[in-house]
Amino acid sequence: MVFEALPYTLKLILFIPHRVLLKLHQNDTKALKRTLNNTHSSHFRSQTLISHVQTFDHLAQKTLIFDVEETLLRSPSVFPYFMLVAFESGSLIRAFVLLALYPLLVLVDDELSIKIMVMVSFFGVKKDGFRVGRSVLPKFFLEDVGMEGFDMLARGKKKVGVSKLPQVMVECFLIDYLEIDYVFGRELKVFGGYFVGLMKENKNIIIKHSINKLLEQDCDSVCFSNKPVKHDWVSCSKEVYVVSNVEKKAWKILPRERCSKRLIFHDGRLAFRPEPLNMLAMFMWFPFSILLSTLRIAIALTMSYGASIPILSFTGVHLKLTSQNSTIYPPSHDHKQHRGRLYVCNHRTLLDPLYLSFGLKKPFIAVTYSLSRMSEIFSPIKTMRLTRDREQDAKTMSKMLKLGDLVVCPEGTTCREPYLLRFSPLFAELSDHIVPVALDTYVSMHVSRDNGGRVKVLGPVRVHDEPVLGL
């Protein structure tokens with residue numbers, strides 16, 4: 001009676017500690033059950049800690065079945081990956097809802113937590129338009145892979161990954177970059193071509209049946225897991241290796257060169273791993289970032305280069321320019337002498353032409369493929385949209401070169417990795433005087449909000465004297 005008479009807010013305050021204590025008690029009970037199960041199941045399953053194994057050479061001719069999140073990834077939390085789906089495939093509002101539900105996700109069990117995150121992240125997302133699993137998630141997954149876990153799995157004849165995440169989130173990352181032969185994840189329900197935010201049930205039974213079918217002709221298999229008795233599919237193997245959380249914390253990050261495929265990361269709007277505290281800081285900063293962006297756009301549109309550069313530097317934009325005789329070159333005497341210079345640069349972000357323009361304090365005409373109309377309106381320099389039709393683009397760019405200097409990014413798309421993509425050779429046919437430019441941009445929170453960068457102008461190149469092979 002006394003509890004019912006309390007105000008609702010006070011009830012909520014008293015309920016949360018009670019729920020936490022209850023969850024801790026349940027975890028202790030589950031741990032005791034796991035211990036008992038380990039004792040009773042030892043007669044048919046050999047469980048060995050990874051730290052107690054001296055060598056893994058005997059795995060060379062075996063099929064390795066492993067839990068992706070618990071034996072391959074260093075972080076115990078999958079929240080950042082669902083946040084990436086909510087932010088990149090959904091919207092800022094969807095990401096905020098997921099962050100607001102984080103306290104609830106901590107209180108409920110793992111299975112219910114996954115279901116809530118799937119509902120928030122995938123509900124209403126078009127199946128054919130879901131590209132985050134191929135374009136954004138692999139980068140963040142690779143930054144979380146432990147080198148020691150990868151080395152163990154690389155020894156196997158065949159590798160089978162089992163994930164508690166939806167298959168569309170992990171399949172590309174495991175198959176394309178880590179050469180995993182088979183991937184079993186959760187299947188999402190689809191209606192009318194859209195995800196409904198629900199997963200198909202009987203996960204463990206379906207996975208166990210699929211693995212048993214896979215092992216019909218190859219029964220010599222080994223399982224890797226963090227909680228072996230929790231998964232029904234572990235019974236597919238008589239030999240189990242257990243990875244402890246203490247071991248995972250000591251693992252090193254897998255070097256990029258160890259991957260079977262080079263990562264080309266050009267999508268995604270977040271420049272940091274979206275952990276809960278990082279996302280909270282982002283949303284707290286968001287109102288100030290809108291004001292700051294508006295101020296920077298107004299300054300760039302209304303002021304001259306000499307006045308705007310010091311003010312933009314005060315607002316956090318820092319630019320370092322290195323020039324190697326970029327303004328002096330012998331005059332040309334052919335039919336192209338009245339054309340403007342063609343500045344050819346790498347493409348780290350959409351703001352690269354702006355960095356070059358402010359660095360050299362001169363207006364350019366920037367050619368783009370997929371710049372939004374809103375960005376074209378607010379751009380401080382003139383932009384020109386290309387069509388990806390070679391002949392049409394050549395005519396358009398030749399016409400614009402007669403009006404002034406032109407900046408082009410021949411990679412055709414942004415690439416935030418420390419290497420260049422394949423160049424389109426079209427730029428070498430447009431002008432005799434090409435100025436190579438190398439840009440290195442640094443970001444802290446959002447990829448579209450650049451805090452600074454380095455521009456290196458390498459100097460003019462006479463095409464008919466020295467062929468341009470690359471930058």
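This is a predicted model: local features need pLDDT of at least 70, side-chain atom pairs count only at pLDDT 80 or more; totals for chains, interfaces and linings use all residues.

Visitor: Why is helix 5 called roughly antiparallel to helix 7?

Guide: Helix 5 (residues 92-100) and helix 7 (residues 110-122) pack at an angle of about 165°, with their axes 9 Å apart; axes are lines fitted to C-alpha atoms, for helices over the stretch in contact, and angles run from 0 to 180 degrees between N-to-C directions. Angles under 35 degrees count as roughly parallel, over 145 as roughly antiparallel, 65 to 115 as roughly perpendicular and the rest as oblique, so helix 5 is roughly antiparallel to helix 7.

Visitor: Which residues make the contact between helix 5 and helix 7?

Guide: Helix 5 contributes Arg-94, Val-97 and Leu-98, and helix 7 contributes Met-117, Val-120, Ser-121 and Phe-122, where contact means heavy atoms within 4.5 Å. These residues divide into 5 nonpolar, 1 polar and 1 charged, with Ala, Val, Leu, Ile, Met, Phe, Trp, Tyr, Cys and Pro counted as nonpolar, Asp, Glu, Lys and Arg as charged, and the others, Gly among them, as polar.

Visitor: What makes helix 5 oblique to helix 14?

Guide: The axes of helix 5 and helix 14 (residues 276-302) come within 11 Å and cross at roughly 130°, and therefore helix 5 is oblique to helix 14. This crossing is left-handed. Its contact is made by Leu-92, Ala-95, Phe-96 and Leu-99 of helix 5 with Pro-276, Met-279, Leu-280, Met-282, Phe-283 and Phe-286 of helix 14, and these residues divide into 10 nonpolar, no polar and no charged.

Visitor: How do you know whether Thr-368 is buried or exposed?

Guide: Buried means under 20% relative accessible area, exposed over 50%, and partly exposed in between (1.4 Å probe, protein chains only). Thr-368 has 15% relative accessibility, so Thr-368 counts as buried. Thr-368 is found in strand 11 and touches Glu-376, Met-384, Arg-385 and Leu-386, not counting residues up to four places away in sequence.

Visitor: Why is Glu-179 called exposed?

Guide: Glu-179 is called exposed because its relative accessible area is 52%. Glu-179 lies in the loop between helix 11 (167-178) and strand 4 (182-186), and has a positive phi of about 55° although it is not a glycine.

Visitor: How do you know that Cys-345 is in no disulfide?

Guide: A search of the whole structure finds 0 disulfides, a disulfide being a pair of cysteine sulfur atoms within 2.5 Å. For Cys-345, the nearest cysteine sulfur is that of Cys-409, 3.5 Å away, and Cys-345 is in no disulfide. With a relative accessible area of 0%, Cys-345 is buried.

Key: Residues are numbered from 1 along each chain as its sequence is written. Side-chain values use heavy atoms; hydrogens and water are left out. Helices (H or I, at least four residues) and strands (E, at least two) are DSSP runs, numbered from the N terminus. A crossing is left-handed if the near helix is turned anticlockwise from the far one by less than a right angle, and right-handed if clockwise.
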